[in-house]
Amino acid sequence: MNKKIVKTNQSYTYDILKNDLLFLNYEFPFFKINEIGKSTLGEKIIYIKLGEGNKKLFINGAHHANEWMTSLITMMFIETYLTLHQKKEIYKGYDIEELWKNVSLFIVPMVNPDGVNLCLKEKKILNDNLYKNIWEKSNLENWKANIRGVDLNLNYPAGWEQAVKNKAKKGIIAPGARDYSGPNAVSEIETKNMINFTTLFQFDMTISLHSQGQEIYWNYLNYKIEKAYEIGKKLAKVSGYQLTEPTYYSSFAGYKDWYIENFKKPGYTIEIGKGEEGKSLPLEKAKEIYEEMEELFLIAIQECKTI
Ligand SMILES: [Zn+2]
């Protein structure tokens, strides 16, 4: 493989993501850079589509701002997948051309660009006064929410009222760095765009990347989703991650929960890597985490064919 475009030597801001995508697109002009809509501050929430099949897999990263490592890992995979497609080789036993022809892979590498920019203290955000009262007293490195202080993965209409109750018990009733579900379900434009995008394309399977814990969550309430557990087992096997269920406290109002409830198809939350609780994963772990995840992505594409 030639020199890599996606590098692991700097925190993954929205601007770096955009630049990397432009360079990748220059190298591989056959894919298009699209948007699912805008963020609160008007940034494009970018999506790309790789492959041509009727089956549709959707991978998304960085609902949570301080989990920007998920965007970087996703972009590393995009570069690998494009390169493999161009070479038309069998890779680690996977027939990439066959995957490309049978499955359309939709990717939103960064659901929450404003939040990531805030967490990484980008100048243009720090100079924006509109929502300053919400974040100015916070430790921004641990910021998970969007720019309005709403936790986007608690803003979906699937047990949203229960999420509010669970968090209120822990004293969280107002906008802030994490765990606030919003004034109502789908109060945030980022959530709305994700819902519209998913409804438009009717994905066969979804994977939402979070950090951290090396765990795979595969269900919601008691929904019995065909193949969800079996595929989850395969994802766990190739990554070494544990297939498990979230605690009741963090069970509701996430993207996966909403997707499973509405589409009755396999939807996963994957907690990548292992580091310090509540903190962003350190950059020096990027390559190691990518190694854990690479085959998981490939087998997910392969399994999506069977749904
Ligand atoms: Zn998360």
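Reader: Is H64 buried or exposed?
Author: In this predicted model, H64 is buried, with a relative accessible area of 5%, where buried means under 20% relative accessible area, exposed over 50% and partly exposed in between, using a 1.4 Å probe and protein chains only. Local features here need pLDDT of at least 70, side-chain atom pairs count only at pLDDT 80 or more, and totals for chains, interfaces and linings use all residues. Residues are numbered from 1 along each chain as its sequence is written, and side-chain values use heavy atoms, with hydrogens and water left out.

Reader: And what about H210, buried or exposed?
Author: H210 is buried, at a relative accessible area of 2%.

Reader: Which atoms hold the zinc ion?
Author: Its protein donors are H64 (ND1), E67 (OE), E67 (OE) and H210 (ND1), lying 2.0 to 2.5 Å from the zinc ion; donors are N, O and S atoms within 2.8 Å of the metal (3.2 Å for Na, K and Ca), and sites may look incomplete because water is not among the atoms.

Reader: Why is the arrangement irregular?
Author: The four donor atoms subtend angles of 56 to 149° around the zinc ion, which makes the arrangement irregular. Four donors count as tetrahedral if all angles lie between 85 and 135 degrees; four count as square planar and six as octahedral if opposite donors are over 155 degrees apart and all others between 65 and 115, and anything else is irregular.

Reader: What spacing do the donors follow along the chain?
Author: The spacing is H-x2-E-x142-H. H64 sits in the loop between β3 (55-61) and α2, whereas H210 belongs to strand β7, so the pair ties together parts that are 146 residues apart in sequence. Helices (H or I, at least four residues) and strands (E, at least two) are DSSP runs, numbered from the N terminus.

Reader: Switching to pockets, what is the volume of the largest pocket?
Author: The largest pocket holds about 740 Å³ of space. Its lining has 32 residues, and K144, R178, Y217, S250 and E271 are the closest to its centre. A pocket is an open set of points on a 1 Å grid over the protein atoms alone, where a 1.4 Å probe fits, with protein on both sides within 12 Å along at least five of seven lines; lining residues have an atom within 4 Å of a point.

Reader: Which element gives the most to that lining?
Author: That is α10, with three residues.

Reader: How about the second largest pocket, which residues lie nearest its centre?
Author: Among its twelve lining residues, K4, M76, K287, Y290 and E291 lie nearest the centre, and α11 gives the most to that lining, with four residues.

Terms used
Points joined across faces, edges and corners; volume = space filled by probe spheres on them.
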